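Student: I would like to learn how to read the features of a protein model. Please take them one at a time.

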Amino acid sequence: MIDRITQLQALVKASDSLQINAQWLDYAGVVEYYPEELVMTVKAGTTIAELKKQLSKNNQSLTFYTKDDSASIGAVYTNGGQDISDSVLGVQIIDGNGELLNFGGQVMKNVAGYDVARLLVGSKGKLAVITQISFKVLPSAYVGELSAPVKVSNNLALRVEIEQRLKLVFDPKGIFQ
């Protein structure tokens, strides 16, 4: 049987236009979880409720605010802001050419160049199909009560230019709507 990633790659390659959502993605579950390392890698369709359930077994929590536990981690990632960006260690995507790409990893390190895993946070599914996300977690006692971040609407010319350039790199055919 063809695995889901191969199916998704074929769909992207054959498409002229796509709108991504968790039902379309149909790719959920915990890939790896190392409680002692405070790192979790999950498939993008995994619900926040499932993540919290897994983490609670080790008295750990997400380090970012989520409003809706029925939302997928992929949705939180693609609609997120600075709070989730600070937690992301790595991401696996399918770009607009149908290529499977990995950025970042499961460890915190200093690297030269762009941190693509963080650049794609808040991309609203317009640059790539997010398939997996690695992020750090913390002990629940350390995290405490999380509150919604203050979102600032900024349509600065620099931001628009960066988004346009990222679109050219990750979605050269312009299929992600």
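This is a predicted model: local features need pLDDT of at least 70, side-chain atom pairs count only at pLDDT 80 or more; totals for chains, interfaces and linings use all residues.

Student: How many helices and strands does the secondary structure of the chain come to?

Tutor: Helices (H or I, at least four residues) and strands (E, at least two) are DSSP runs, numbered from the N terminus. Here there are eight helices and six strands. Their order from the N terminus is α-α-β-β-α-β-α-α-β-β-α-β-α-α.

Student: What percentage of the 177 residues is buried?

Tutor: Buried means under 20% relative accessible area, exposed means over 50%, and partly exposed is in between (1.4 Å probe, protein chains only). In this chain, 37% of the 177 residues are buried.

Student: Which residues have the most contacts inside the largest nonpolar core?

Tutor: A nonpolar core is a set of buried Ala, Val, Leu, Ile, Met, Phe, Trp, Tyr and Cys residues joined through side-chain atoms within 4.5 Å. The largest one has 38 residues, and Ile73, Tyr77 and Phe135 have the most contacts inside it. Elements that each supply at least two residues include α1 (4–14), β4 (88–94) and α8. Strand β6 gives the most, with five residues.

Student: What is Tyr77 in contact with, leaving aside its neighbours within four places in sequence?

Tutor: Contact means heavy atoms within 4.5 Å. Among the residues that Tyr77 touches on that basis are Ile84, Val88, Val116, Leu120 and Ile133.

Student: Which residues of helix α3 are buried?

Tutor: In α3 (residues 48–56), they are Ile48, Leu51 and Leu55. Seen down the axis of α3, the buried residues fall within an arc of 60°, so they line one face of the helix. The arc is that of the directions from the helix axis to the C-beta atoms. The cover over these buried residues includes β1 (30–34), β2 (39–43), β3 (60–62), α4 (73–79) and β6 (129–139).

Student: How many aromatic pairs are there?

Tutor: Rings of Phe, Tyr and Trp (its six-membered ring) pair if their centres lie within 6.5 Å; planes under 30 degrees apart count as stacked, over 60 as edge-to-face and the rest as tilted. The count by this rule is two. Phe64 and Phe135 have ring centres 5.9 Å apart and planes at 75°, so the pair is edge-to-face. This pair joins the loop between β3 and α4, where Phe64 sits, to strand β6, where Phe135 sits, 71 residues apart. Phe64 is buried at 2% relative accessibility, and Phe135 is buried at 1%.

Student: What about the rings of Phe103 and Phe170?

Tutor: Their centres are 6.0 Å apart and their planes at 85°, so this pair is edge-to-face. Phe103 is in strand β5 (residues 100–104) and Phe170 in helix α8 (residues 157–170), 67 residues apart. Phe103 is partly exposed at 23% relative accessibility, whereas Phe170 is buried at 6%.

Student: Where is Leu38 found, and where does Asn59 lie?

Tutor: Most residues other than glycine have a negative phi. Leu38, in the loop between β1 and β2, has a positive phi of about 60°. Asn59, in the loop between α3 and β3, has a positive phi of about 55°. Leu38 is partly exposed, at 26% relative accessibility, and Asn59 is exposed, at 57%.

Definitions and conventions. Residues are numbered from 1 along each chain as its sequence is written. Side-chain values use heavy atoms; hydrogens and water are left out.
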